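Hello,

Here is the structure we talked about, with my notes below it. Please open it alongside the text and follow along.

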Amino acid sequence: IFSALLSPPLDISRWLRPVRAQMACECSRAAQSNDCPSSTVACPQTSPKIEQEVKALEGNNDSCCFDGEYPMPYERDYPRLLEKLTPAVADSLVSDGFAVVDNALGEGWGHALRAEIQWAHSKGLMLPNQIRVLDPEGRPFNVSKPNVFEVDLHHASLREKLPELDELFWNCYQLAAHLNGILPRLQLRTLPASYTMKIAHITAGGGCFPWHYDNPGPPDNRRLTLLFYLNHGWQPSSGGEVRVAPFMCAPTTVEPVFDRAVLFYSETVLHRVLPAHSERYCITVWFDSDVANRDILSPLVAQNLALPGADFGCSKEALARVVSTPALQRMLSRPVYAEEYEKSIVECMTEDASGAEPLLLVHHKYVAAITQDPELASIVKVLRRTRPSLE
């Protein structure tokens, strides 16, 4: 089996076509929301979600602009962040798939940004995070993640209400250009329309996100994810950590402490947010690239895949070549980590057991679609024998 799979060039289209066709059918029937079944448990953001956000804005026109108080003096110290993104950060992205940068924005500006997120939530500008799924009759409906509120800042009318977040948004093009300079392989687009910013507030109560990829595949062009954490006084009991796990690599848990930035590849780093037991504030920026979703071999897989080749009739390097393309990593992650995906979905919907049922159904259908292919099922079996635990 493996000798046939490894003959160059590696053609995975015959596996991707039936799976994509099934999931595309599911998505097209479901007036899709903000993720995709191949990444988390939902579908890409489309008009229903945007319409909700527009209605929320229209219903809050009396809040013309942030009128709260900033906790302390501050300056918009954007050059500080650029200086923090050193070649060492690029090296960490290459070797580990992610990087952590502390004291990224400065305490004063960090508190100002957090104050605007708090104000936006208090004014009803942030909506529950929703997932669009299908009922047994194929009718779409929304499932809300308990205690998770967010809004995308693609609406100029919203950014105008939040001057410091607007300033950060408009300067992200400099950040993309700087990242290209320290890591040219990223090839990030640098125009304002080529990145997206979202603000999120988890109001404790165990709010969290299940395992997923930020880029579920074409036509998504996300290449790099950047998180800014604004959780002053965070303690281990607060929860809400982000757990990152490049495919077939041991996971790393990163604490969401105040003024910390976390960067990782949107295409190839599986991740989730653990249950938050205190309020959690985060800004997410997604950078697009024209080379996103290219099936480039991932050095992380070859480096970390712990397969004793003699047991499976192929070398570690050979099997790594089969599963090291972003498309196959995303495809195989659900069946390889089926139990971990399921557990994270249940945790995410602890306060709404009925909401978990359709999400689990989507997950089980996706796993079944993959494992119906005999060759893919064989690869999944091999990988499950050697996978590191995600716990």
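This is a predicted model: local features need pLDDT of at least 70, side-chain atom pairs count only at pLDDT 80 or more; totals for chains, interfaces and linings use all residues.

Pro 219 sits in the loop between strand E5 (207–212) and strand E6 (222–229).

**The chain overall**

The protein chain contains 16 helices and 11 strands. Of its 391 residues, 59% count as buried. Now take the contacts in the chain with a separation of 6 or more: residues 24 or more positions apart account for 79% of them.

**Helix H6 and its partner H8**

Start with H6, which covers residues 107–122. Its 16 residues should span 22 Å at 1.5 Å a residue. The end C-alpha atoms of H6 are 23 Å apart, which agrees. H6 is mostly covered, with 13 of its 16 residues buried.

How do H6 and H8 pack? Helix H8 runs over residues 163–170, and the two helices meet at an angle of about 115°. Their axes are 8 Å apart. H6 and H8 are therefore roughly perpendicular to each other, as angles of 65 to 115 degrees count as such.

On the H6 side, the contact is made by Trp 109, Ala 112, Leu 113, Glu 116 and Ile 117. On the H8 side, Pro 163, Glu 164, Leu 165, Glu 167 and Leu 168 take part. By type, the residues of this contact divide into 7 nonpolar, no polar and 3 charged.

Asn 103 lies in the loop between strand E1 (98–102) and H6. Its phi is near 55°, a positive value in a residue other than glycine. Asn 103 is partly exposed, at 42% relative accessible area. Just after H6, Gly 124 takes a positive phi of about 75°.

**Salt bridges**

The count comes to 15 salt bridges.

Which residue does Arg 76 form a salt bridge with? The partner is Glu 164, and the closest N and O atoms are 2.8 Å apart. This pair links distant parts of the chain, 88 residues apart. Arg 76 is in the loop between helix H3 (47–58) and helix H4 (78–84), while Glu 164 is in helix H8. Arg 76 is partly exposed, with a relative accessible area of 39%. Glu 164 counts as buried, at 3% relative accessibility. Glu 164 is also one of the H8 residues in the contact with H6.

Next, Arg 260 and Glu 255 meet through their side chains, at 3.6 Å from N to O. Arg 260 is buried, with a relative accessible area of 13%. Glu 255 counts as partly exposed, at 32% relative accessibility.

Lys 343 counts as partly exposed, at 41% relative accessibility. Separately, salt bridges that share partners join Glu 339, Glu 340, Arg 384 and Arg 387 into one network.

Met 248 is found in the loop between strand E7 (242–246) and strand E8 (252–254). Its phi is positive, about 65°, although Met 248 is not a glycine. Is Met 248 buried or exposed? Met 248 is buried, with a relative accessible area of 3%.

Thr 268 lies in the loop between strand E9 (260–265) and strand E10 (269–276). Thr 268 is buried too, with a relative accessible area of 14%. Leaving aside residues up to four places away in sequence, Thr 268 touches Tyr 213, Pro 246, Phe 247, Pro 326 and Gln 329.

Asp 152 belongs to strand E3 (residues 140–152). Asp 152 is buried, at 7% relative accessible area. From Asp 152 to Ile 283 is 131 residues in sequence, yet the two are 9.9 Å apart in space, C-alpha to C-alpha.

Best wishes

Terms used: Residues are numbered from 1 along each chain as its sequence is written. Side-chain values use heavy atoms; hydrogens and water are left out. Axes are lines fitted to C-alpha atoms, for helices over the stretch in contact, and angles run from 0 to 180 degrees between N-to-C directions. Helices (H or I, at least four residues) and strands (E, at least two) are DSSP runs, numbered from the N terminus. Angles under 35 degrees count as roughly parallel, over 145 as roughly antiparallel, 65 to 115 as roughly perpendicular and the rest as oblique. Contact means heavy atoms within 4.5 Å. Ala, Val, Leu, Ile, Met, Phe, Trp, Tyr, Cys and Pro count as nonpolar, Asp, Glu, Lys and Arg as charged, and the others, Gly among them, as polar. Buried means under 20% relative accessible area, exposed over 50%, partly exposed in between (1.4 Å probe, protein chains only). The expected span of a helix is 1.5 Å times one less than its number of residues. A salt bridge is a side-chain nitrogen of Lys or Arg within 4 Å of a carboxyl oxygen of Asp or Glu.
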